[in-house]
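Please view the sequence and the structure before reading on.

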Amino acid sequence: VGATVSPYKSYRYYWQAEFVNSLHTYDGTTTTTETFVQNAKGLRQLQRRTASSENSNSNWEIPVLMRYNINNFIGIGAGLQANFNVSGKQEQNLKIETFDGPTNKLLLSTTNESKTTKESFTNLKTGLLFDLTIGAARIGPSFGARYVLNFEDNFNYFQLYGIWKF
């Protein structure tokens, strides 16, 4: 979800500033390992460990660009963009199951552990962006494609979007 600030009924060259807020929620990888342990009596028992993670992030992108309407239906633009994580949360879960004997037929105990990590205003990425819109150049709907070329790391990406200019 985002908002754009630019001149009303913009014509030919104009400046545009944007604010885009993205929310991401996803599950990380889940791994399961089985090992054998010895209990207090020296008997061998199967132990299964299942580790998983859940992630949620809120990300802000703030592009500032110079745009040019080629005609009433095509516009191009280029500018700078800042992209950073406003908040991030990762929850790591560990489930340990201990069985009676070397098979998983009789469950003796289950232990669950959880660890939560939170971060705010981290992972700043800056870069150049190049933009193309097709549709109503001044007022109405249009569709766009944007390529962001980051200054650090290898985090270049395309964005496709739809907008309505009022």
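Which element gives the most to the lining of the largest cavity? Strand 6 does, with three residues. The model is a predicted one.

## The cavity

Rolling a probe the size of a water molecule over the atoms shows where empty space is left. In this model, a search of the whole structure turns up one cavity of 30 Å³ or more. The space in the largest cavity comes to about 30 Å³.

The residues that line the largest cavity are N69, F73, I74, G75, T133, I134, G135, A136, A137, S142 and K165. Two elements, strand 5 and strand 6, each give two or more residues to this lining. Sorted by class, the lining holds five nonpolar residues, five polar residues and one charged residue.

## The nonpolar patch

On the surface, a nonpolar patch is formed by I70, F73, I74, I76, L132 and I134. Together these residues have about 520 Å² of accessible area. The elements that give two or more residues to the patch are strand 5, which covers 74–99, and strand 6, which covers 107–135.

I74 lies in strand 5. This residue belongs to the nonpolar patch and also lines the largest cavity.

Is I74 buried, partly exposed or exposed? Its relative accessible area is 31%, so I74 counts as partly exposed. Patch residues need over 30% relative accessible area, and the 31% of I74 is over that cut-off.

Terms used: Residues numbered from 1 in each chain as written. Predicted model: local features only at pLDDT ≥ 70, side-chain atom pairs only at ≥ 80, totals over all residues. Heavy atoms only, no water. Patch = residues over 30% accessible without salt bridge, like charges linked within 9 Å, V, L, I, M, F, W, Y side chains within 5 Å. Areas by Shrake-Rupley, 256 points an atom, 1.4 Å probe, with all protein chains shown as cover. Salt bridge = Lys/Arg side-chain N within 4 Å of Asp/Glu carboxyl O. Helix = DSSP H or I, 4+ residues; strand = E, 2+ residues; numbered from the N terminus. Buried < 20%, exposed > 50% of the residue type's maximum accessible area, 1.4 Å probe, protein only. 1 Å grid on protein atoms, 1.4 Å probe; cavity = no way out; pocket = protein on both sides within 12 Å on 5 of 7 lines; lining within 4 Å. Points joined across faces, edges and corners; volume = space filled by probe spheres on them. Nonpolar A, V, L, I, M, F, W, Y, C, P; charged D, E, K, R; others polar.
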